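Please look over the model below before reading on.

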Amino acid sequence: MGAVGTIARPRAQKVLRPQVGAVLPLDQILQDDCIEAMRSLPAKSVDMIFADPPYNLQLGGDLNRPDGSHVDAVTDDWDKFDSLSAYDAFTRAWLAEARRILKDDGTIWVIGSYHNIFKVGSAIQDLGFWILNDIIWRKANPMPNFKGTRFTNAHETLIWASTGEKAKYTFNYRSMKTLNDELQMRSDWEFPICGGQERLKRDGVKVHPTQKPEALIYRVLLACTKPGDVVLDPFFGTGTTGAVAKRLGRRWIGIEREGFYIDAAQERIAAALPLDESALATMQSPKAQPKVAFGTLVETGYLMPGAILHDTKRRWRVTVRADGSLLSDCGQTGSIHKLGAALQGAPACNGWTFWHHDDAGALKPIDTLRQTYLLATQP
């Protein structure tokens, strides 16, 4: 989360402000107050917004560990507001601009802690957004409660919202399921807090106190954007969103007031290497993907005649035949769908997910072979 306050500051050389009628300042950082910068952008021009606003932590005094060492907490001016009502006004102002510049089929993600996320959620609903999910980021290595007066704060909350109840929006369901070992992605995500080589430091000191892990942003962008989509981060900080967007082939716009953070962000994004185009082709939803016959996989060698398939519990064993039909051990034949239904005594069966092939000792649904075929053959 970056700097956003209302203190007047001289404009720096890195200010990149679009003129009236100009194209979006893609892959650039606007050095400005976030509200003013968003006002300079055209309406309905952004596909997704990821926002990591100030949490208004209201920390009083220094925080020390039991051994007396200092805890590097958020004490910067950009996280300080005169009152809760001042924070509410700020929140509603930037969210109103966010709604204006978001496309009708776009979505917004906002991350926060218990200090601010309930206020943000209320403002989101009041402004007409439609909340789709709240995601819990469970920290694998949270900072302990040194005073022993409360539970350890081990999570943060992300709100994901569309522009309205009836709005269409991007959700790459299939990508999320594939990412999660063929299980439907849940709303509780576990990632460690940012550390190690990923944590940006200058002279041994953290560049930004609340730098988010790239894995978290990676999942958000992979879930809700497509290659070429425009992602705006109005609290750009050290540029995590920009670096991940570049890797995933998305366009980005960052807004950040502090030049110190901008310098770190530009250096970081310049070093980010885009993924190869073939790696960017994510699994498609069943409704959107082209039709592929099971026999095509046999014809093209993704499954050889004579290959053995099982259901997940290995109750049934079938052999793949040259024409793409299956033969069970009890002599029944049929397509992947009809034979699966017949063996179960069920009215229907999705053979793509019911039948599994052996891959290095592990059973995987034959749908993974179909997806691999699609990735190899689709432009």
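Is arginine 314 buried, partly exposed or exposed? Arginine 314 is partly exposed, because its relative accessible area is 44%. The model is predicted, so this value comes from computed coordinates. Arginine 314 sits in the loop between strand S11 (308–310) and strand S12 (317–320). Its backbone deserves a look. Phi of arginine 314 is near 60°, a positive value in a residue other than glycine.

Aspartate 27 also has a positive phi, near 55°, and is a residue other than glycine. Aspartate 27 lies in the segment before strand S1 (28–30). With 30% relative accessibility, aspartate 27 counts as partly exposed.

Lysine 177 belongs to helix H4 (residues 173–179). What does its accessibility say? Lysine 177 counts as buried, because its relative accessibility is 19% and the cut-off for buried is under 20%. Leaving aside residues up to four places away in sequence, lysine 177 touches Glu182, Leu183 and Gln184.

| Residue | Relative accessibility | Class |
|---|---|---|
| Lysine 177 | 19% | buried |
| Aspartate 27 | 30% | partly exposed |
| Arginine 314 | 44% | partly exposed |

Next, the helix pair. Helix H6 (residues 240–247) packs with helix H7 (residues 259–271) at an angle of about 15°. Their axes are 9 Å apart. H6 is therefore roughly parallel to H7, since angles under 35 degrees count that way. The crossing of H6 and H7 is right-handed.

Which residues meet there? From H6 come Thr240, Gly242, Ala243 and Lys246. From H7 come Arg268, Ile269 and Ala270. By type, the residues of this contact divide into three nonpolar, two polar and two charged.

Now the whole chain. Its secondary structure comes to 12 helices and 16 strands. Of its 379 residues, 46% count as buried. How many of the contacts between residues at least 6 apart in sequence join residues at least 24 apart? The share is 67%.

Confidence comes last. The chain averages a pLDDT of 84. In all, 85% of the residues score at least 70. Where does pLDDT stay under 50? That holds over residues 3–20. For residues 3–20, the model has 38 contacts beyond four places in sequence.

Conventions: Residues numbered from 1 in each chain as written. Predicted model: local features only at pLDDT ≥ 70, side-chain atom pairs only at ≥ 80, totals over all residues. Heavy atoms only, no water. Axes fitted to C-alpha atoms, helices over the stretch in contact; angles between N-to-C directions. Helix = DSSP H or I, 4+ residues; strand = E, 2+ residues; numbered from the N terminus. Parallel < 35°, antiparallel > 145°, perpendicular 65-115°, else oblique. Left-handed = near helix turned anticlockwise from the far one by under 90°. Contact = heavy atoms within 4.5 Å. Nonpolar A, V, L, I, M, F, W, Y, C, P; charged D, E, K, R; others polar. pLDDT = per-residue confidence, 0-100. Buried < 20%, exposed > 50% of the residue type's maximum accessible area, 1.4 Å probe, protein only.
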